[in-house]
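Here is a note for a colleague who is new to this structure. Please keep the model open while reading the points.

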Amino acid sequence: MDLKLKIWRQKNSSDQGQIVDYDIKGVSPDMSFLEMLDVLNTELIEKGDDPVAFDHDCREGICGMCSLQINGKPHGPDAAITTCQLHMRKFNDGDTIYIEPFRSRAFPVVKDLVVDRSAFDRIQHAGGYISVNTSGNTQDANAIPVNKDNADHAFDAATCIGCGACVAACKNASAMLFVSAKVSQYALLPQGQVERKKRAEQMVAQMDAEGFGACTNTGACSAECPKEISLTNIARLNREFLNSKFN
Amino acid sequence: MSWFSSTFSSSIGRKFAMALSALFLVFFLLMHLTTNMLSVFSANAFNEASHFMGTNPVVQFLLQPVLIAAVVFHFVMGFILEAKNKAARPVKYAKKDTGNATWISQNMIYSGLVILAFLVLHFIDFWVPEMNYKYIEQLPAVTDRYYGELVHKFQNPVRVVAYVIAFVLLSLHLLHGFQSSLQSSGINNKFTPGIKKFTEIYAIAIPLGFVLIAIYHFINH
Amino acid sequence: MKIGSNFPAKLPEGPIADQWTNYKNHINLVNPANKRLIDVIVVGTGLAGGSAAATLAELGYNVKAFCFQDSPRRAHSIAAQGGINAAKNYQGDGDSTYRLFYDTVKGGDYRAREANVYRLAEVSANIIDQCVAQGVPFARDYGGLLDNRSFGGVLVSRTFYAKGQTGQQLLLGAYSAMNRQIARGKIKMYNRHEMLELVMIDGKARGIIARDLVSGEIERHSAHAVVIASGGYGNVFFLSTNAMGSNVSATWKIHKKGAWFANPCYTQIHPTCIPVSGDHQSKLTLMSESLRNDGRIWVPKKPEDVKAIREGKLKPTQLAEEDRDYYLERRYPAFGNLVPRDVASRAAKERCDAGFGVNATGEAVYLDFASAIERYGKEQAHLKGLDENDKTIVTDLGREVIKNKYGNLFQMYEKIVDDNPYETPMMIYPAVHYTMGGTWVDYNLMSTIPGCFVIGEANFSDHGANRLGASALMQGLADGYFVLPYTIGDYLSADIRTGKIPTDSPEFDEAEKAVKDQLEKFINNKGTKSVDYFHKKLGKVMWDKVGMARNAQGLKEAAEEIRQIRDEFWKDVRVPGGLNEFNEELAKAGRVADFLELGELFAKDALHREESCGGHFREEHQTEEGEAKRDPKFQYAAAWEFTGDPKDAVLHKEDLVYENIEVKERSYK
């Protein structure tokens with residue numbers, strides 16, 4: 001099929017940037033979205049143009065490196081997948097496709113479609129861990145039984161891949177779903193109890209300092225999340241934070 | 001940073017304060033509707049209730065200021081949050097697809113603004129004359145004047161239409177806002193699906209009640 | 001030449017069960033105050049690098065960690081699906097350190113080093129304790145205790161897992177440990193940085209040259225030791241289950257500086273991957289080994305059915321039982337569909353080469369869940385008191401069970417292939433997955449360059465010629481959390497008075513100049529073909545001639561063809577953009593240049609190894625039934641020394657001595 005692409009091009013972080021039109025022909029429906037961009041880039045390189053920069057790595061939906069706002073939606077039209085798992089059969093011949101970077105004050109554009117998501121790392125530095133040394137002398141793994149429901153919910157929260165689709169989808173560019181997933185994972189496990197209050201307090205403070213917006217509970221984040229992280233985590237984060245302040 | 005500012009300047013703290021004022025206002029709506037509802041059944045009962053509300057010192061000097069503070073706070077904080085949230089995305093998307101969430105949840109500011117406009121009208125209609133009557137001109141207390149004033153206001157079809165529009169927007173505002181304020185307060189558990197149903201019924205029933213009262217008086221007088 | 005006087009493997013003395021403890025009791029330690037004076041560079045932040053960086057920082061060393069991704073959390077360990085082995089014996093099924101050791105050595109076709117494997121088995125239990133303490137949410141049973149599953153090639157249940165995302169959970173655990181140290185200032189993290197050269201001073205590894213992938217700036221970083229944890233080199237095949245950025249550059253650069261590269265030809269081809277769909281394909285997706293617990297692998301028996309299926313005239317579900325060839329069950333009745341990976345892959349290739357492949361390209365076989373759906377469905381119907389003979393009820397119930405076990409994998413398959421695997425069998429084909437070969441290291445995990453340590457998939461030590469499922473995660477974390485932090489101290493104890501290594505020395509000047517020269521050469525080359533063009537060409541030669549089945553003639557041709565591609569690459573590659581900017585093509589060009597050299601050494605190693613073992617299959621060396629035929633003459637690790645050109649690499653042999661395990665024929669029949 002033949003497509004018209006409208007792609008955000010921006011040389012570097014200080015460049016203004018603009019949407020540039022590209023025509024691409026002979027796209028196979030079995031291609032992944034990123035493979036379609038590979039084909040475009042090969043054409044651009046052979047013509048002597050600068051290829052479109054975009055983040056990607058594992059191409060199987062788990063590393064969280066790929067991003068892209070495709071026709072106004074993070075990771076494109078299909079649900080519960082990342083851009084690398086999106087296939088061209090979801091589009092029709094003659095379609096126009098807008099491809100933009102994830103937009104947020106906290107995610108400055110590095111080049112074209114590549115954004116800097118190190119704000120997520122800094123939030124994790126603020127408390128996304130359990131302070132335990134790797135001495136090899138920790139107690140036996142089965143010493144503390146964990147209720148299966150809690151273990152399963154902790155796992156569901158922990159499947160977050162840190163891609164930033166929640167921020168991109170939210171009208172407020174809020175990072176609450178991301179932060180709540182990490183806070184929830186530890187809040188639900190016995191190992192996370194010791195630092196529970198400090199963690200919620202510090203991670204929220206860092207989240208605010210990075211310039212993300214507040215949560216207005218629209219649910220767009222969860223709807224676009226490739227791992228379908230639930231909004232109950234956000235309520236839990238609210239609870240954890242308020243508990244750290246009022247208790 | 002002090003405890004207070006680190007709590008209430010945080011995004012979650014602000015949302016929690018917003019939620020508390022919202023829940024207070026949600027409760028106030030029920031009170032207000034109950035009083036208004038009396039006007040449909042009995043002019044006397046309505047007059048008595050109104051007189052009580054208008055003269056009781058607890059209502060006048062405690063509840064009324066709290067109410068006004070809650071309203072003002074809810075609006076001011078709403079605007080502050082909106083401004084901050086807008087600033088979180090300085091460069092907009094060229095192509096938007098907002099199909100991943102309900103329209104109203106993404107446009108609370110607009111339903112809020114309509115409600116604000118209505119409140120201004122409401123103040124001019126009722127509260128300003130009332131204050132004038134009681135405290136500025138200090139006219140004698142007449143206990144049976146309220147019903148007549150109410151009925152009189154609803155004779156104007158333009159006002160009734162404005163009233164209906166405002167309450168439709170209030171209903172939409174509540175459809176998202178009531179449940180959202182619970183979520184912002186950290187309440188989301190196995191009862192949430194049921195609670196959500198309740199908030200939705202509430203969000204439709206309360207404004208509908210106000211609208212029906214207005215239409216009732218418009219038709220019957 | 002033998003490995004010996006210059007570079008002994010430093011294997012400890014004494015009974016194998018006591019070796020690691022004895023070793024730890026006798027090494028030199030660095031006191032806590034002195035650790036603050038020592039810098040360590042860690043390249044790569046996967047399970048091995050991430051856990052090593054965190055632990056070294058925790059001990060007090062100043063760590064600088066590098067990754068080419070935008071965050072350490074994205075390293076490709078994250079994609080590991082099935083699980084991690086540990087000899088915990090929680091199931092009480094007779095597991096022990098010795099059994100895990102034995103299974104690993106046998107699974108590796110007797111080509112791994114006993115002492116290392118035993119140590120790996122010994123620390124495996126600690127890994128699970130450590131990860132649980134870090135908040136890794138492993139699967140649990142209703143009693144709240146940890147659950148286990150089974151993997152190929154073993155007779156116990158020792159695999160710990162977190163649904164199909166075990167690697168992700170373990171990596172996020174290591175990442176969280178890193179975050180704690182980053183917050184303390186003990187790890188300085190360099191994201192989007194790529195190591196381009198090792199700097200050696202007085203014969204020791206003393207730093208690296210790295211490129212900031214965002215600004216393009218070339219940076220000098222010094223340290224008292226350099227740890228390479230950059231993963232495997234499967235992307236030399238272009239198509240593999242590796243991430244797009246996975247590369248050999250770090251290990252290849254140190255190889256060219258003097259680190260021997262061992263057993264490059266040992267590559268694991270994973271049997272269950274989604275087949276190639278066309279020329280545009282950029283990578284291959286794995287379907288977890290755990291699927292073979294319930295899936296049956298087959299192709300049609302009759303060529304006319306194959307033809308009809310390929311033309312779309314016949315659906316696989318329409319084919320009668322007697323017309324299907326469940327070839328693994330036929331050939332290996334004892335292990336059936338759960339034979340180890342190398343065996344399953346070769347069997348699929350054999351059927352497809354014989355013309356029974358079921359997709360348009362003839363390179364796919366079926367992985368069918370229909371029997372499992374029926375079996376589970378009947379079981380459930382019986383449990384619930386429903387009609388066991390009602391096909392709809394049974395199918396619905398059976399699908400529900402399958403969904404609970406493998407739901408995310410089935411969804412992944414459906415998104416990629418656009419076929420519903422609950423209704424029609426999956427199509428799968430083998431793909432390059434893991435490389436057992438890598439930098440030769442001694443028992444301390446140090447390469448032949450003093451001060452340059454190599455851990456995780458990047459080294460060669462623990463898996464021999466074939467890796468068992470769920471053992472890669474175990475090795476990565478064992479090296480990083482529990483082995484390297486001890487062994488590196490022994491080396492660094494001599495460095496407590498060295499002081500900071502300056503970066504303005506001639507050695508740094510020279511290394512930086514070499515890096516800049518190469519980058520400028522790429523930019524100024526102005527050829528006509530993209531980097532990918534050459535990478536794909538290399539990949540095709542590797543897959544066709546150095547892939548699942550190899551022979552002397554093909555390997556000789558491959559070495560020659562790779563040289564030609566390399567020459568053409570340097571003449572005609574086109575790298576757009578400039579040096580001092582974000583330039584992914586430039587980064588890729590450097591990686592492919594290294595693959596083009598490694599590929600030749602790979603073929604050379606495969607040619608010299610005149611036997612079949614594990615993942616290395618030489619057509620000339622097989623039994624009458626087509627099974628791999630080992631040769632005791634080759635019971636050694638082949639460590640290659642770089643002498644200026646891959647074709648002139650010099651072979652060093654490390655004899656593998658088995659004192660605790662009897663070397664036997666590896667049979668799964």
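**Notes on the three chains**

1. Start with a sheet in chain C. Strand β14(C) and strand β15 (residues 426-435) of chain C run antiparallel and are joined by three bridges. Two strands pair here if DSSP finds at least two bridges between them. Strands (E, at least two residues) and helices (H or I, at least four) are DSSP runs, numbered from the N terminus. In this pairing C:Val365 stands opposite C:Ile428 in β15(C). Three bridges also join strand β12 (residues 296-300) of chain C to β14(C), again antiparallel. There, C:Arg296 stands opposite C:Asp368.

2. A word on the basis. This is a predicted model: local features need pLDDT of at least 70, side-chain atom pairs count only at pLDDT 80 or more, and totals for chains, interfaces and linings use all residues. Residues are numbered from 1 along each chain as its sequence is written, while chains are lettered from A and ligands numbered from 1 in the order in which they are written.

3. Which way do the side chains of β14 (residues 365-368) of chain C point? C:Val365 and C:Leu367 point one way, and C:Tyr366 and C:Asp368 the other. All are buried. Buried means that 20 or more other C-beta atoms lie within 10 Å of the residue's own; exposed means 12 or fewer, and partly exposed is in between, with C-beta atoms placed from the backbone. In a regular strand the side chains alternate between the two faces of the sheet.

4. Now the cores. A nonpolar core is a set of buried Ala, Val, Leu, Ile, Met, Phe, Trp, Tyr and Cys residues joined through C-beta atoms within 7 Å. The largest has 306 residues, and C:Val227 and C:Val365 have the most contacts inside it. Helix α17 (residues 584-608) of chain C gives the most to this core, with 13 residues. A second, separate core has 17 residues, among them B:Tyr146, B:Tyr163, B:Leu170 and B:Ala203. In soluble globular proteins, nonpolar side chains tend to be buried together.

5. Look around C:Val227. Neighbours within four places in sequence are left aside. Its contacts then include C:Val40, C:Ile41, C:Val42 and C:Val43. C:Phe453, C:Ile455 and C:Leu484 are also among them. Two residues are in contact if their C-beta atoms, placed from the backbone, lie within 7 Å.

6. C:Met178 is in helix α6 (residues 166-184) of chain C. Is C:Met178 buried or exposed? C:Met178 counts as buried because 31 C-beta neighbours lie inside 10 Å. Leaving aside neighbours within four places in sequence, C:Met178 is in contact with C:Gly50, C:Ala53, C:Ala54, C:Pro72 and C:Ile187.

7. Which pair of chains has the most contacts? Of the two pairs that touch, chains A and C have the most. Here 65 residues of chain A are in contact with 66 residues of chain C. On the chain A side, α1(A) supplies the largest share, seven residues. That side divides into 25 nonpolar, 25 polar and 15 charged residues. Ala, Val, Leu, Ile, Met, Phe, Trp, Tyr, Cys and Pro count as nonpolar, Asp, Glu, Lys and Arg as charged, and the others, Gly among them, as polar.

8. Chain A also touches chain B. In this contact, 37 residues of chain A meet 32 residues of chain B. The largest share of the chain A side, eight residues, comes from α8(A). By class, that side has 15 nonpolar, 13 polar and nine charged residues. No contact joins chain B and chain C; their closest C-alpha atoms lie 20 Å apart.

9. Check two backbone angles in chain A. A:Arg59 is not a glycine, yet has a positive phi of about 55°. A:Arg59 counts as buried, because 25 C-beta neighbours lie inside 10 Å. A:Asn71, also not a glycine, has a positive phi of about 50°. A:Asn71 counts as partly exposed, because 18 C-beta neighbours lie inside 10 Å.

10. Last, the domains of chain C. The assignment gives domain 1 (270-431) and domain 2 (509-635); such bounds come from an automatic or database domain assignment. Taken over C-alpha atoms, the centres of the two domains of chain C are separated by 33 Å.
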